Amino acid sequence: PLHVILDGDPGLDDAVAWLLALASPELKVLGVTTVHGNVDLSLTTRNAGVTLALGKSTDVPVYAGADRPLIRELMGAAAVHGDTGLPANGLPDPYREPEAEHAVNYLIRAAREQPGEVTLIATGPLTNVALAFRMEPALPQLLREVMWMGGSTAHGNRTPAAEFNVLADPHAADVVFRSGAALRMVGLNVTMQCVATPDRVEALRQLGTPVGLACAEMLTFYAAAYRRRYNLSGGALHDPLAVAAVLWPDLLTWQAMHVEVDTHEGADLGRTVCDLYGVTGKPANARVAVGVDDPTFFSRLLERLSRF
Ligand code: BDR
Ligand code: CA
């Protein structure tokens, strides 16, 4: 199987994404690393343990990482993910305490132990990844690939220009896009097409398993915010699509292009400026998802979650 590390800020859709990874025999999850984001680091770290317990993966270690962005003030998304980040009843307790080692040290150690073998799937602000790239300048080359949910070729969701994971640490995203890592970006331009509609939530509930019921509950809470804020019939399955992109790259269409993160304070802060037409002449630094087969994605997600 492909060796992966999951870095994120669970978070409702992060939790569903991690469950997809844990259910998939093509992937071996070496560890999970947590970052500030949807809620505070202490909560994302606790939620990581809850998610692993739910996914019967208590052998997977949790490493806590950065508790704030590199430069900006801490943001958060409790309006979308609830005060705890995992608002659902009947979730298990976290299976154990996080490891003593910092997430950034772990990322470097894991990549050095298996050069060229480890895929990093990042579904939150990129603070841990940027810090690790600074501490070990060879890390971008040591990783097999970085798959990141964030940004957009079009508009944002936190501001008209910026997607949440970028705006929560634009300077970190800038470091990663300049790093030379093999980078793929799954942004809002595709993830907003993948909506957990009421029918889909019901299909998860019908699985009748603890994971099915938990996902249905989580996505029900999440849907309320998406109805209110974005006039969608359910929550967008952002982070699960990034895991699916590693499992089944053909679900998406990819275009190599130059992407620059706007780090200037102002209305465009956090915009991923995507050179779709190559007008800058700058070399591509990422492969960006520009299309998605949403029905196939959801049917595969449902099938995988049914395996628990
Ligand atoms: C991203 O922001 C977070 O709230 C979600 O978990 C996802 O990673 C979508 O913009
Ligand atoms: Ca996330």
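Guide: Let's start with one term: a residue is called buried if 20 or more other C-beta atoms lie within 10 Å of its own, with C-beta atoms placed from the backbone. Keep in mind, too, that this is a predicted model.

Now to ligand 1. There are 15 residues around ligand 1, and Gly11, Asp13, Ala77, Phe164 and His238 come nearest. Sorted by class, the shell around ligand 1 has 7 polar, 4 nonpolar and 4 charged residues. Some helices take a repeated part here: α1 (12-22), α7 (164-167) and α12 (238-247) each give at least two residues to that shell.

Take α12 to begin with. Its buried residues are His238, Asp239, Pro240, Leu241, Ala242, Val243, Ala244, Ala245 and Val246. That is 9 of the 10 residues of α12, so the helix is largely enclosed by the rest of the structure. Notice that His238 turns up on this list of buried residues and also among the residues that come nearest to ligand 1.

Next comes α1. Here 11 of the 11 residues are buried, so α1 too is largely enclosed by the rest of the structure. Asp13, one of the residues that come nearest to ligand 1, is among the buried residues of α1, as are Leu12, Asp14 and Trp18. What does α1 run into? The axes of α1 and helix α2 (residues 41-54) come within 10 Å and cross at roughly 40°. That angle makes α1 oblique to α2. As for handedness, α1 passes α2 in a right-handed crossing.

Gly11, another of the residues that come nearest to ligand 1, is found in the loop between β1 and α1. Most peptide bonds are trans. Yet the bond that joins Pro10 and Gly11 is cis, with omega at about -10°.

One of the pairs to look for is Asp7, whose bridge partner in β4 is Ala122. On to another partner: β1 and strand β2 (residues 27-34) run parallel and are joined by 7 bridges. There, Gly8 stands opposite Thr34 in β2.

Follow β4 (residues 118-122) for a moment. This strand is mostly covered, with 4 of its 5 residues buried. β4 also pairs with strand β5 (residues 145-149), in the parallel sense and over 4 bridges. Ala122 shows up again here, standing opposite Trp148 in β5. So which sheet have we been walking through? An open one of 8 strands, in the order β3-β2-β1-β4-β5-β6-β12-β9, with mixed pairing. At the edges stand β3 (62-64) and β9 (252-257), each with a single partner strand, so one side of each has no neighbour in the sheet. On average, neighbouring strands of this sheet are turned by 25° against each other, direction ignored.

Now look at the other end of that order. Strand β12 (residues 286-292) has 5 of its 7 residues buried, so it is largely enclosed by the rest of the structure. Strand β6 (residues 183-186) runs parallel to β12, and 2 bridges join them; Met185 has Val288 as its bridge partner in β12. β9, in contrast, runs antiparallel to β12, with 6 bridges joining the two. One pair to find there is Ala256 with its bridge partner Arg287 in β12.

Finally, two loop residues. Most residues other than glycine have a negative phi. Lys56, in the loop between α2 and β3, has a positive phi near 50°. With 14 C-beta neighbours inside 10 Å, Lys56 counts as partly exposed. Asn231 also has a positive phi, of about 55°, although it is not a glycine. Look for Asn231 in the loop between α11 and β8 (235-236). Asn231 has 7 C-beta neighbours inside 10 Å, so it counts as exposed.

Methods:
Residues numbered from 1 in each chain as written. Chains lettered and ligands numbered in written order. Predicted model: local features only at pLDDT ≥ 70, side-chain atom pairs only at ≥ 80, totals over all residues. Near = placed C-beta within 6 Å. Nonpolar A, V, L, I, M, F, W, Y, C, P; charged D, E, K, R; others polar. Buried ≥ 20, exposed ≤ 12 C-beta atoms within 10 Å, placed from the backbone. Pairing = 2+ DSSP bridges. Axes fitted to C-alpha atoms, helices over the stretch in contact; angles between N-to-C directions. Parallel < 35°, antiparallel > 145°, perpendicular 65-115°, else oblique. Left-handed = near helix turned anticlockwise from the far one by under 90°.
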